[in-house]
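Hi there,

Here is the structure I promised to hand over. Have a look at it first, and then read on for what turned up in it.

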Amino acid sequence: MSEINRRQFVALSIAGVCAACTVDAAGELLQAASKPKVDVGELSSIATDGVLDTWKQEHKFLLVRHEGKIYAISARCTHKAGILNLESGGIVCPKHGSRFDNNGVPVEGPAKAPLFRYGVSVNADGHLIVDLGKQFTQKDWTKPAAFVAV
């Protein structure tokens, strides 16, 4: 077995780190591409304001119609990833009691970060499609792909 000098060791270490980063980035792209687009039905069927938890268990999102917009928010608490419940008109984490308003903003702790939103669109048949491969943080909630105006 031959020994390597310091320069060779550093070069091999850098190459290894670069390879690991490339594999990690490729894995993230594959994971996002493999997330489904969920057809939640006709846009016209979501006629009143409120929160629907129909897709909470299978796809981990809540559908919200609020203030002239429809959007899909994560059904996982930003504190410890508990699956959120609908209680007394609010969104609540059963693990530690965090509460969120209909925008996904925490109103009671311990959660501090807002829920992220998924991409939404309307297809040619008038169905609302939730794209689980697209996520929006609060700073991007006004982007057109983060909601559908009604």
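**What was found**

Of the 150 residues in the protein, 33% are buried (buried means under 20% relative accessible area, exposed over 50%, and partly exposed in between, with a 1.4 Å probe and protein chains only). Please keep in mind that this is a predicted model, in which local features need pLDDT of at least 70, side-chain atom pairs count only at pLDDT 80 or more, and totals for chains, interfaces and linings use all residues. Residues are numbered from 1 along each chain as its sequence is written, and side-chain values use heavy atoms, with hydrogens and water left out.

**Confidence**

The average pLDDT of the protein is 85, and 81% of the residues score at least 70 (pLDDT is the predictor's confidence in each residue, from 0 to 100). One stretch to treat with care is residues 21–32, where pLDDT stays under 50 and the model has 1 contact beyond four places in sequence (a contact means heavy atoms within 4.5 Å).

**Overall build**

The protein has 2 helices and 11 strands; these are DSSP runs numbered from the N terminus, helices being H or I with at least four residues and strands E with at least two. Read from the N terminus, the order of elements is α-β-β-α-β-β-β-β-β-β-β-β-β. Among contacts with a separation of 6 or more, 46% come from residues 24 or more positions apart.

**Strands and sheets**

Strands of a sheet pair through backbone hydrogen bonds, either parallel or antiparallel. Here two strands are said to pair if DSSP finds at least two bridges between them.

Strand E7 (residues 99–100) is joined to E8 by 2 bridges, and the two run antiparallel. In that part of the model, phenylalanine 100 stands opposite proline 106 of E8.

E10 runs antiparallel to E1, with 4 bridges between them, and glutamate 42 stands opposite histidine 127 of E10. E10 also pairs with strand E9 (residues 117–122), again in the antiparallel sense, over 6 bridges. Valine 120 has valine 130 in E10 as its bridge partner. E9 and E10 form a hairpin with 4 residues between them, and glycine 126 in the turn has a positive phi of about 80°.

**Aspartate 131**

Aspartate 131 also belongs to strand E10. A salt bridge is a side-chain nitrogen of Lys or Arg within 4 Å of a carboxyl oxygen of Asp or Glu. The side chain of aspartate 131 does reach the backbone nitrogen of glycine 133, at 2.9 Å. Beyond its neighbours within four places in sequence, aspartate 131 is in contact with Pro36, Lys37, Tyr118 and Gly119.

**Salt bridges**

How many salt bridges are there by this rule? The count comes to 3. One is between aspartate 49 and arginine 65, whose closest N and O atoms are 3.4 Å apart. Aspartate 49 lies in the loop between strand E1 (37–42) and strand E2 (50–52), and arginine 65 in strand E3 (residues 61–66), so the pair ties together parts that are 16 residues apart in sequence. Arginine 65 counts as buried, at 18% relative accessibility.

Aspartate 140 forms a salt bridge with lysine 139 (3.2 Å, N to O) and another with lysine 143 (3.5 Å, N to O). Aspartate 140 counts as buried at 17% relative accessibility, whereas lysine 139 is exposed at 67% and lysine 143 partly exposed at 41%. Through shared partners, salt bridges join Lys139, Asp140 and Lys143 into one network.

**Glycine 82**

Glycine 82 sits in the loop between strand E4 (69–74) and strand E5 (85–87). With 3% relative accessibility, glycine 82 counts as buried. Cysteine 93 is 11 residues from glycine 82 in sequence and 6.1 Å from it in space, C-alpha to C-alpha. Leaving aside neighbours within four places in sequence, the contacts of glycine 82 are Ala75, Arg76, Cys77, Cys93 and Lys95.

Happy exploring!

Notes:
A polar contact is a pair of N or O atoms within 3.5 Å; within protein, one must be able to donate a hydrogen and the other to accept it, and residues adjacent in sequence count only if both atoms are side-chain atoms.
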